[in-house]
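Hello,

Please find the structure below. My notes on it follow.

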Amino acid sequence: MHDLIRDITLCILFAWGIGLVAHITRQPLILAYLIAGFIIGPFGIGWVKSDESISTISELGLIFMLFMIGLEIDLKKIIRAGQVILFAAGGQLIAGCVLGAAFFMALGLKLGGGGFDALYLSVACALSSTVVIVKVLYEKRELDTLPGRITLGILVLQDIFAILFLAVQPSLADLQVSVIALSIARVGVLVATALILSRYVLPPLFHQIARRPELVLLGALAWCFLIGEIAERLHLSREMGSLVAGVSLSTFPYALDVTAKVTTLRDFFITLFFVAVGMTIPIPNGATIGLALIIAVFTVVSRLLTTFTPLYLMKQGLRASLLPALNLAQISEFSLVVLQTGIAAGHITTQTSSAASFAFVILAVLSTFTMMRSDRITRLLIGPLKRIGLRDLDHGQAGEADHAGHGDARRIVILGFFRTASALLAEIERQNASLLDQISVVDFNPNVFRTLVGRGQHVIYGDISNVDTLVHAGVGKAEIIILSVPDSLLKGANNEKLVRHVRSINPTAKIISTADVLGDVNDIYAAGADYVTVPRLSDAHALYEVIEAVDQGLLDAKRAETDAQLAERREVLP
């Protein structure tokens, strides 16, 4: 017992110290935890040698990590997911696993007969890192973009796939239809039990303790371990049970509160898990490093093929097909979970797991840099892809002025289409619908393109940060040019640069731009804008009117007025 406490102390101290270095050098913290584990583990300086300690630390960390992953899986969002995400995720997972199994079997790894290295690696390589992706997309403010939503949707469905694999995993050595059916039946019983209890028993209990944070935390932990024990009794695993426990709480009325309370504890045990994984990584030999590099290269190539292809076939355009493929090009922390369960079950060798762990580290570092530059990389790739015959959504635009979506821009041009532009078109439709025939929209969101074409609106598919796009779109002939997308959402440019480009192409047009930061207003005027909108001013005016309505006892009337306006709007982006 004393050795376990000492070993946990060493884990936390080294994880914190190397984590500081990783933070300063802008590296993934998971990488720091793995390195910390390697240093203090039996293959490093050997301060932690006990297999029992490593196993206990790893299992605790794994239980909490899967519980939190389950909490973040929103079943309602999966049900509402569009066909694009469902088909893209299905294509990526199926094709990724098939390609992986064939590739690793060709390398001489086993897919049966007592060894399942090829199968585990194919599954591990088919999953992408939620931690890395969400962190980078959040920093780039791309979580709410179309490629961001596609990426997150695929990630969620990857997690569901991993759950199904973990359900079947204990029976791989005797994989028969009856065995698979029994495993699925056990999972069904576990899920049904968890959902029924979370629906009818937990709400009144949590309602009673909602004002006692310590009891909310304790209740969440009790639920996690209870479902884990039920899973153990059903001959599944505590880890599987903790995942189901999290999923069953994901639509729970107190889910956000539970997540907030458990997050700190989760971070502690996730740290322990990855440090424990690092302890199991031996000093690599040439064969291990070689296999790790092969796994890393295969993961990137297969992800580009299996993600880009279904999205492109569903006519998402080259950009919206490439960006999710680049975002997903790494190995998941969940893959390490799958590999650890494979080692515990005796299905795979330590060398295979170690090579995959090294590949995870390599891709976690490279993927961070790639995602930060994904827009630039995408622009570089679109040209060669077009030259080899792949068509983008702008194919056939030139010279087809009679068809919505083709031909030169009209008198009024909206460059970039987001919520403000969506609201503007709805307002014009409400007040002066005839003006819509004088408006052109230039944007590269495939959903926006198809929706506007379907409404008969003139739209040109293209990247507004590219000067050639503006020239070929006929922006030089427009009379009014509107830039309404804030700098935080623009890719490859900002409003000041766009105004300069537009002014160089069209010296006489009236250019209306936007600025979130007050200090940018003068710079945008200096670049050639004729008018700069500042959204915070109109927002402040609207809020002041609400305060006045409250003081005058007219808030209900004010709300009714707003509700009436919303009811009659028909926006492209709700």
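**Helix 8 against helix 16**

In this predicted model, Asp159, Ala162, Phe165 and Leu166 of helix 8 meet Phe334, Val338 and Thr341 of helix 16. Contact means heavy atoms within 4.5 Å. Helices are DSSP runs (H or I, at least four residues), as are strands (E, at least two), numbered from the N terminus. The contact residues divide into 5 nonpolar, 1 polar and 1 charged. Here Ala, Val, Leu, Ile, Met, Phe, Trp, Tyr, Cys and Pro are nonpolar, Asp, Glu, Lys and Arg charged, and the others, Gly among them, polar.

**The whole chain**

The chain has 25 helices and 6 strands. Its radius of gyration is 27 Å, close to the 25 Å from the globule rule for 574 residues, so it is as compact as a globular protein of that length. That radius is taken over C-alpha atoms; the rule is 2.2 Å times the number of residues to the power 0.38. The C-alpha trace spans about 75 × 65 × 50 Å along its principal axes. Of the 574 residues, 49% count as buried (under 20% relative accessible area, 1.4 Å probe, protein chains only).

**Conventions**

Residues are numbered from 1 along each chain as its sequence is written, and side-chain values use heavy atoms, without hydrogens and water. Local features need pLDDT of at least 70 and side-chain atom pairs 80 or more, while totals for chains, interfaces and linings use all residues.

Technical notes
Buried means under 20% relative accessible area, exposed over 50%, partly exposed in between (1.4 Å probe, protein chains only).
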